[in-house]
Amino acid sequence: MGKIARVKICFVETESLEEEFFRAQLGGGHELTFVDGLEEAPADVDILSVFIHSKVTPEFVAAHPGLRLIATRSSGYDHIAVAEARARAITVCHVPSYGENTVAEHSFALLLALSRRLRESLAAYASKRFSYQALRGFDLMGKTFGIVGTGRIGLHAARIARGFRMEVLAYDVKTQPLVAATMDFEYVGFEELLRRSDVISLYIPLLPQTRDIINRETLALCKRGVVLINTARGGLVDTGALLDALESGQVGGAGLDVMEDERVLQQDSTGIIAGEIISHIQQSDSPEEALPLGERVEELRSLVQDSRLISRANVIFTPHSAFNSTEAVARIDEQTVRNIRQYLAGTPVNLVPRDAPGPA
């Protein structure tokens, strides 16, 4: 493809400082629009830049026939209908590397909060009921840290774990024996990792074969009291299975930056359910647009489970913010500008894989 002249670029889910940066970098030669949600995107947009909460569906793609590039400001791309975009000759790119240290550090922030029972300690202070015995935590040194996925983030997590003098096990469909020997960790099978680990941390993408990889059967293989950390994708974990395992004590604690329905991390579930009921009533006059009843009930059931999960004292949660450091956001924005410029120059970079799944 040749070099492209002036275009209309729409950014979704940006902050004020990001808007200033993108205007300074791209506004001189192109028409820029900044909106809060995809529903506000102009119909004639040429380039769309989204973040993790914006689901670019097949319907959105079809409704924007002039769209040429979707540039997500994230490493994940399961919120984009990649197959449909490609079928319409729309290029899709992402930011594959921006925060391997950032996300790995956040994993340990969650783990340390669990190991030293920070949520319970804060609650004890608020209620003025304090007991050393009730708030006693555990050391990381000497424990076994199981890493599922040894990409950039997983390897950085291994470095941190070794710094705590933990034993490190790893599972990946593609092993790196030389890296493992150099960094002093051991590759094992998935079931062996489950059986031996005191802490299991997930660093894999959400694919059809990885959805609910943590489920009732796999949790039953784990040590009793295992700690689960998930900063990857909510769909990797069967929420109902995790909730039951926490209630039975099979899982001792969970540190979650992602969930199946992440609305509960940012809004009270009662408000969400009320909104769903109103939406259902509004759609009752247009049955072709309404979700089937079974799907809606399942969605609400999942929502209630997620809400119950994060209310537990032995669950530490953050609202999909593992990426959120000053340095990492700057790297994301800089790479996004590069992705757009490279596309406009006719040499696109950081294209998502051809077999990428669409929005869940």
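Mentor: With a definition: a salt bridge is a side-chain nitrogen of Lys or Arg within 4 Å of a carboxyl oxygen of Asp or Glu. The model is predicted, so local features need pLDDT of at least 70 and side-chain atom pairs count only at pLDDT 80 or more, while totals for chains, interfaces and linings use all residues. Residues are numbered from 1 along each chain as its sequence is written, and side-chain values use heavy atoms, with hydrogens and water left out.

Trainee: How many salt bridges does the structure hold?

Mentor: Side chains of opposite charge can pair when their charged atoms come close. By the cut-off just given, the number of salt bridges in the structure is 13.

Trainee: What is the N to O distance between Glu247 and Arg308?

Mentor: The side chains of Glu247 and Arg308 form a salt bridge. Glu247 lies in helix H10 and Arg308 in helix H12 (residues 293-310), so the pair ties together parts 61 residues apart in sequence; helices here are DSSP runs of H or I with at least four residues, and strands are runs of E with at least two, numbered from the N terminus. The N to O distance is 3.2 Å for Asp78 and Arg233, and for Glu247 and Arg308 it is 2.8 Å.

Trainee: Is Asp78 buried or exposed?

Mentor: Buried means under 20% relative accessible area, exposed over 50%, and partly exposed in between (1.4 Å probe, protein chains only). The relative accessible area of Asp78 is 16%, and its salt-bridge partner is Arg233, at 15%. Asp78 is therefore buried.

Trainee: Which helix holds both Arg195 and Glu191?

Mentor: Their side chains meet in a salt bridge, at 3.9 Å from N to O. Arg195 is partly exposed at 45% relative accessible area, and Glu191 is partly exposed at 47%. The two are four residues apart, about one turn of the helix, and that helix is H8 (residues 190-196).

Trainee: Which arginine is linked with Glu167, Glu186 and Glu192 in a network of salt bridges?

Mentor: A salt bridge needs a nitrogen of Lys or Arg on one side. The network joins the three glutamates Glu167, Glu186 and Glu192 with Arg196.

Trainee: Which residues does Thr218 touch, not counting those up to four places away in sequence?

Mentor: Thr218 is found in helix H9 (residues 216-221) and is buried, with a relative accessible area of 11%. Contact means heavy atoms within 4.5 Å. On that basis Thr218 touches Phe190, Leu194 and Ile213.
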